[in-house]
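Hi,

Here is the structure I promised to pass on.

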Amino acid sequence: MKANSSLIIIISLSLFGCLSTPEIDQWQPISEQSAKRLIDHDDDGVIMARDLCDGTTLGRDVSNDGCSPESTKDVYFEHHIDFQQGLTSLHGSMDDEFNAFLSTLDKSQKWNILVQGYTHKDGDMLYNKVMAKRRMAYVAERVSQTLGSELNDIRSRLLDGEKVSEETTSEVIKANTPDDEDNDGVLDNLDQCPGSDYKYLVDTKGCTAFENRLVTHTLTVRYPRGSATIDPMYNDKVKELADYIANYNVEKVEVFGHTSAPGSAAFNQKLSEKRAKSVVEMLVKEYGVDRKILVPIGKGESELLEKTQTKQANTLNRRVEITLSETLRVERKRDLGIADADELNRRVVVYAQSSQLQFKDRWHIFIMENPAEIQEQENTAGGDASGWEFDEEDAAEASGW
């Protein structure tokens with residue numbers, strides 16, 4: 001009985017101690033500011049009290065501090081455009097293909113754009129360069145309109161198509177023809193004609209094969225205003241033509257003189273005849289071409305290359321076109337399956353690169369319920385590609401718009 005009394009006394013004292021604790025309804029509420037820190041405002045699973053990144057994009061995976069690890073992803077596109085002969089704009093299916101390419105460039109991203117063209121020194125090298133720059137300007141304008149960027153922010157590069165073709169072809173041939181120094185397809189130990197040009201077919205002994213083929217060759221030279229003296233920059237090209245005439249026994253070469261539109265028709269006719277004769281005299285006196293095979297013809301202003309009377313048009317129209325079209329015994333061309341300088345002369349390539357931020361998404365039902373909201377936030381994130389540069393080439397020529 002005494003033991004039970006002691007137990008009752010102990011329990012009573014314990015209960016008395018508990019009753020001394022303050023009543024629950026007397027606790028003070030926390031401040032509004034503290035309450036906000038207990039809320040997950042950006043729905044990333046981390047309360048604001050621990051969230052060091054309180055604006056995390058909806059649905060992204062985050063670390064314990066509420067931050068989403070990010071990395072950079074390089075996005076790269078290129079598009080080749082082969083313009084039709086004589087055209088500087090796109091039509092039909094080629095235009096549709098270019099529009100499809102432009103649609104792949106996300107306007108919310110920062111893009112580095114390079115528009116690359118090619119020119120060809122054979123034929124009419126000045127006109128080739130002018131046309132290449134016009135095509136590049138057309139393409140750059142289309143890209144600028146699509147992305148809303150300034151035209152000056154789009155880089156350009158004009159390359160020597162002949163050099164590019166030679167280098168590309170040589171690399172491909174060398175890679176596929178070991179133990180073949182001249183890359184003609186015949187091994188060195190069987191080659192009886194070392195040093196043959198890989199651009200032409202050879203026989204089993206490695207010697208160049210020939211055929212009779214209709215050959216059309218044209219060279220254009222130009223003149224200063226009112227002059228019948230060839231611009232010295234064309235002298236080497238005239239010599240090349242003279243060597244061609246001698247090597248292939250050409251029997252007829254027509255030399256057409258032209259003028260620009262300004263001036264009287266009578267004056268321009270006489271000037272065009274003088275220009276045609278100036279080429280004949282150079283070929284005969286300096287390079288020993290037989291005068292009998294040369295036919296000078298003055299065209300005056302009757303066949304303008306460009307009909308506008310701008311300074312550029314007048315420069316292009318002051319010319320002599322040296323043309324031969326004859327069946328000759330020439331080397332058989334080898335089909336290498338690679339674009340040659342003539343094809344490249346009509347080509348423009350657009351290179352587009354962007355460095356874009358990328359994040360890891362969480363996998364939960366919330367993402368699936370709010371795809372539109374997530375996509376909207378992703379589109380406004382943007383990226384920065386300011387550190388990216390194109391490689392320059394020695395043959396490149398800066399091309400202004």
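What volume does the largest pocket have? About 1600 Å³. A pocket here is an open set of points on a 1 Å grid over the protein atoms alone, where a 1.4 Å probe fits, with protein on both sides within 12 Å along at least five of seven lines; lining residues have an atom within 4 Å of a point. Grid points are joined across faces, edges and corners, and the volume is the space filled by probe spheres set on them.

Before you go further, this is a predicted model, so to speak of a local feature we need pLDDT of at least 70, side-chain atom pairs count only at pLDDT 80 or more, and totals for chains, interfaces and linings use all residues. Residues are numbered from 1 along each chain as its sequence is written, and side-chain values use heavy atoms, with hydrogens and water left out.

Back to the pocket. Its lining has 49 residues, and His120, Asp122, His217, Lys333 and Asp342 lie nearest the centre. Strand S4 gives the most, eight residues (helices, H or I with at least four residues, and strands, E with at least two, are DSSP runs numbered from the N terminus). The lining splits into 17 nonpolar, 13 polar and 19 charged residues (nonpolar: Ala, Val, Leu, Ile, Met, Phe, Trp, Tyr, Cys and Pro; charged: Asp, Glu, Lys and Arg; polar: the others, Gly among them).

Next, salt bridges: a side-chain nitrogen of Lys or Arg within 4 Å of a carboxyl oxygen of Asp or Glu. The count comes to 15. In one of them, aspartate 124 pairs with arginine 222, with the closest N and O atoms 2.5 Å apart. Aspartate 124 sits in the loop between strand S2 (112–119) and H4, and arginine 222 in S4, so the bridge ties together parts 98 residues apart in sequence. Both residues are buried (under 20% relative accessible area; exposed is over 50%, partly exposed in between, with a 1.4 Å probe and protein chains only).

Finally, two loop residues to look up. Asparagine 249, in the loop between H6 and strand S5 (253–258), has a positive phi, near 55°, and is exposed at 59%. Most residues other than glycine have a negative phi. Glycine 300, between strand S6 (294–298) and helix H8 (311–317), is buried at 2%.

Cheers
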